[in-house]
Structure formats: structure tokens, C-alpha cells
Amino acid sequence: MSLPNATSWVRFEAPPPGTDSFLVSSVAEDVERAHALSRASLQPLLFARKPIALDFRNMRVCTQRFLHALLFEAIRLSWATQTPIYVEQASPGVETGIRLVDNYARGG
């Protein structure tokens, strides 16, 4: 496993074996379902210091609103517990959106 970036726990690489993985397209662009997935599944794992993987296959673009609902609190919790969130199969546009949410989630 590579060393974490000093400012981010979001990693754009394959997760270690056994990491819980979530197919993001299952809640694609449904802000309420994305927020519910984060609260019910992602955040409890991160709180328990268990890394998670988010698989963005079949999602060429995501709105900022959707990414915020899915990731904002999870990223803050990831940073606080120093537990990685792995991102897989993100298109360049989706990766840019995730990096934006990562930057402002840790900033305020």
C-alpha cells in the first residue's frame, strides 16, 4: 500500500483485498439516495476505521451536487479517522469533481 497524501485520504488506486466496495451507479445522480448511502453504509465503515472503495464504472459524469451528497461527510470522516477512500474507474471528469469535493470538504 502506498503512503497517503499528507492532505488527502482519497486515493485513485485499487483498494486492498477485502475492502468493502460500492457501485456508485446504483444511486446515480439521485442526491437523496447518494446521501442515504453515505450515511447508512460509507460513514459507519469509515468511523470504524475500515477503508472503503467507490466504483464509478459506467458513470462518465457526475454533478457536483451528487458528489457532494455522496462524499462530503465521508471525506471529512475519512480525514478525521485517517482511513482511506479508494476510487476506482473514475473518468477524468468524475475524478476532477471528486478532487474538488475532497479539497473543500477538508477545508471547512
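Two strands count as paired if DSSP finds at least two bridges between them. Keep that in mind, as this briefing starts with a sheet: four strands form an open one in the order 1-4-3-2, with parallel pairing. What you are looking at is a predicted model, where local features need pLDDT of at least 70, side-chain atom pairs count only at pLDDT 80 or more, and totals for chains, interfaces and linings use all residues. Residues are numbered from 1 along each chain as its sequence is written, and side-chain values use heavy atoms, with hydrogens and water left out.

**The sheet**

- Helices (H or I, at least four residues) and strands (E, at least two) are DSSP runs, numbered from the N terminus.
- Strand 1 (10-11) and strand 2 are the edge strands, each pairing on one side only.
- Strand 2 (residues 20-23) pairs with strand 3 in the parallel sense, over four bridges.
- Along that pairing, Phe22 has Leu54 as its bridge partner, while Asp20 stands opposite Ile52.
- Strand 3 also pairs with strand 4 (residues 85-88), again parallel and over four bridges.
- Here Ala53 sits opposite Tyr86 of strand 4.

- "Buried" means under 20% relative accessible area, "exposed" means over 50%, and "partly exposed" is in between (1.4 Å probe, protein chains only).

**Getting from strand to strand**

- Strand 3 pairs with strand 4 in the parallel sense. The chain goes from strand 3 through helix 2 (residues 64-81) to strand 4, in a right-handed β-α-β crossover.
- Right-handed means that, with the strands pointing away from you, the path from the first strand over the helix to the second runs clockwise.
- Helix 1 lies across strand 2, strand 3 and strand 4, and runs at about 160° to strand 2. Axes are lines fitted to C-alpha atoms, for helices over the stretch in contact, and angles run from 0 to 180 degrees between N-to-C directions.

**Two buried residues**

- Phe56 lies in the loop between strand 3 and helix 2, and it counts as buried because its relative accessibility is 0%.
- Beyond residues up to four places away in sequence, Phe56 touches several others, including Val24, Leu67, Val87 and Ile98. Contact means heavy atoms within 4.5 Å.
- Phe56 and Glu95 are 39 residues apart in sequence, yet 9.4 Å apart in space, C-alpha to C-alpha.
- Gln43 lies in helix 1, and at 17% relative accessibility Gln43 counts as buried too.
- Leaving aside neighbours within four places in sequence, Gln43 is in contact with Ser38, Glu73, Ala74 and Leu77.

**Salt bridges**

- The structure holds three salt bridges, each a side-chain nitrogen of Lys or Arg within 4 Å of a carboxyl oxygen of Asp or Glu.
- Asp55 bonds this way with Arg57, the closest N and O atoms being 2.4 Å apart. Asp55 is buried at 5%, whereas Arg57 is partly exposed at 37%.
- Arg99 and Glu95 form a salt bridge with closest N and O atoms 2.6 Å apart. Both lie in helix 3 (residues 92-107), four residues apart, about one turn of the helix.
- Arg106 and Asp102 meet in a salt bridge too, at 3.0 Å, N to O. Arg106 is partly exposed at 25%, and Asp102 is buried at 6%.
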